[in-house]
Amino acid sequence: MAISILSCLRIFTLVMFVLEPNRVLGSRHFGFISYGDNGAGMCASTVATHGYKCQEFEVKTDDGYILSVQRIPQGRVGGGGQIRQPVLLQHGVLVDGATWLLSPPEQSLAMMLADNGFDVWISNTRGTRYSRRHVTLDARDSEYWNWSWDELIVHDLPSVIDFIFKQTGQKIHYVGHSMGTLIALASFSEGREIDKVKSAALLSPIAYLSHMTTALGEVAARAFVGEITTIFGLAEFNPKGGPVNKLLKFFCAQPGVNCYDLMTAITGKNCCLNSSTVEIFLNDEPQSTSTKNLVHLAQTVRDDILSKYDYGSNYNLEHYGETKPPKYNLGNIPRDLPLFLSYGGQDALSDSKDVETLLDYLKFHDVDKLHVQYIKNYAHADFVMATNANDLVYNQIISFFRNYA
């Protein structure tokens with residue numbers, strides 16, 4: 001029997017990893033907030049229950065978005081008095097920071113880092129459930145959703161990194177998954193925040209997408225690049241809303257698209273997921289993003305290049321002063337920035353051939369600063385949810401960070 005459209009959407013999100021305005025003082029940052037004991041906030045719902053201290057912060061971007069940021073300052077055994085190096089965890093598209101907190105403490109990267117002496121920070125990009133406020137705009141306004149991952153590079157990532165740097169006085173280690181790797185790579189290529197980043201670990205790195213091995217992904221990319229905003233009439237891409245369900249039904253009806261095994265079709269065959277962890281994931285996901293953001297990702301698939309958002313020739317002239325959007329040149333990433341890349345042989349989104357293209361741009365990187373891990377049987381979701389990711393990936397990341405203390 002075919003699975004429901006909403007179930008398809010939820011599994012589709014697993015793949016993609018991917019209110020009232022509140023006036024805030026300060027040019028870029030807000031500060032510490034407390035949600036009390038009423039269960040509100042990610043700390044209370046997913047961190048404190050495991051015995052960890054956790055703090056909730058709000059960070060205001062310079063374009064007015066108010067982002068939720070969580071901090072796990074120490075492990076369960078304490079050690080709060082010692083200096084602990086900060087690590088920022090950045091999720092992908094259509095999910096939020098809870099992605100890093102789905103597994104038990106011994107299998108969760110966030111809690112493993114805390115237990116191994118790091119000061120852990122978790123960001124939530126604009127539009128996700130805890131980051132839906134703005135200084136002047138309401139999330140129900142179409143203007144609130146007028147952004148793509150370009151804006152995450154220019155506004156969200158610098159605001160969060162600057163906030164952590166000012167709170168701790170230290171450079172950060174960075175971990176990104178999927179789109180979290182894309183915004184980091186593009187940011188580093190433009191020299192943004194390099195002076196505040198000590199090293200970066202990139203899981204299922206996304207930069208080039210021309211070799212995606214999924215029929216549904218190709219159909220979706222063509223639709224998003226085409227007339228999707230007309231199809232929806234909505235600036236917010238809400239996976240739980242009716243229009244998106246209708247779109248997925250349309251996708252699933254296309255020749256060569258099999259929605260009976262949608263997760264495998266999109267992510268590749270994940271080897272090591274725990275059914276209970278997946279169930280926890282599906283309780284709250286998928287999250288909203290902007291339709292414009294998905295259009296931008298689709299442009300990357302179509303054009304086989306990494307560039308800023310393509311508005312079309314005339315509007316590109318208005319935005320960029322030229323008819324084509326400027327490219328992100330990953331060859332400009334500082335050669336001495338320590339990088340750890342981990343990718344899987346079964347990943348249908350971050351395909352090995354596309355990762356090889358990325359690595360070609362990094363061919364002049366300092367040899368002792370570029371660490372590459374290939375896991376033959378891993379697919380896209382395995383890097384954040386696999387039962388053995390702690391042994392195969394997370395321990396390697398911890399060792400990598402310690403090498404660049």
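## Helix 5, an enclosed helix

Helices (H or I, at least four residues) and strands (E, at least two) are DSSP runs, numbered from the N terminus. The buried residues include Met179, Leu182, Ile183, Ala186 and Phe188. They pack against strand 4, helix 4, strand 7, strand 8, helix 11 and helix 13 (352–361).

A word on the model itself: it is predicted, local features need pLDDT of at least 70, side-chain atom pairs count only at pLDDT 80 or more, and totals for chains, interfaces and linings use all residues. Residues are numbered from 1 along each chain as its sequence is written, and side-chain values use heavy atoms, with hydrogens and water left out.

## The chain as a whole

The protein chain has 15 helices and 12 strands. Of its 405 residues, 58% count as buried. The chain exposes about 16,100 Å², and carbon and sulfur atoms supply 49% of that area. Accessible areas come from the Shrake-Rupley method with a 1.4 Å probe; for residues, only the protein chains shown count as cover.

Which residues have the most contacts inside the largest nonpolar core? They are Leu88 and Trp149, in a core of 51 residues. Such a core is a set of buried Ala, Val, Leu, Ile, Met, Phe, Trp, Tyr and Cys residues joined through side-chain atoms within 4.5 Å. Elements that each supply at least two residues of this core include strand 2 (55–60), strand 3 (65–72), helix 4 (149–168), helix 5 (179–189) and helix 11 (291–303). Helix 4 gives the most to this core, with eight residues. A second, separate core has 41 residues, among them Val95, Ala110, Cys272 and Ile375.

Back to Trp149: leaving aside neighbours within four places in sequence, its contacts (heavy atoms within 4.5 Å) include Met179, Leu182, Ile183 and Ala186. Trp149 also contacts His296, Leu297, Thr300 and Tyr328, among others.

Helix 5 is followed by Gly191, whose phi is positive, near 75 degrees. Most residues other than glycine have a negative phi, and most peptide bonds are trans. Against that background, Glu193 is worth a look, with a positive phi near 60 degrees. Glu193 sits in the loop between helix 5 and strand 8, and is buried because its relative accessible area is 12%.

Ser204 also has a positive phi, near 50 degrees. Its place is the loop between strand 8 and helix 6 (215–225). Is Ser204 buried or exposed? Ser204 is buried, with a relative accessible area of 0%.

Gly97 lies in the loop between strand 4 (86–90) and helix 3 (109–115). Gly97 counts as buried because its relative accessibility is 0%. Not counting residues up to four places away in sequence, Gly97 touches Met42, His91, Ile122, Ser123 and Asn124. Tyr130 is 33 residues from Gly97 along the chain, and their C-alpha atoms are separated by 9.4 Å.

Tyr394 belongs to helix 15 (residues 389–403) and is buried, with a relative accessible area of 1%. Beyond residues up to four places away in sequence, Tyr394 touches Gln107, Ser108, Leu109, Met112, Phe383, Val384, Met385 and Ala389. From Tyr394 to Val384 is 10 residues in sequence and 9.5 Å in space, C-alpha to C-alpha. Ser352, in helix 13, is buried at 16% relative accessible area. With residues up to four places away in sequence not counted, Ser352 touches Tyr343, Gly344, Gly345 and Tyr374.

## The second largest pocket

How much space lies in the second largest pocket? About 150 Å³. On a 1 Å grid over the protein atoms alone, a pocket is an open set of points where a 1.4 Å probe fits, with protein on both sides within 12 Å along at least five of seven lines; lining residues have an atom within 4 Å of a point. The volume is the space filled by probe spheres set on the points, which are joined across faces, edges and corners.

This pocket is lined by 11 residues, and Tyr208, Asp304, Ile305, Leu306 and Tyr361 are the closest to its centre. The lining divides into five nonpolar, three polar and three charged residues. In this grouping, Ala, Val, Leu, Ile, Met, Phe, Trp, Tyr, Cys and Pro count as nonpolar, Asp, Glu, Lys and Arg as charged, and the others, Gly among them, as polar.

Technical notes
Buried < 20%, exposed > 50% of the residue type's maximum accessible area, 1.4 Å probe, protein only.
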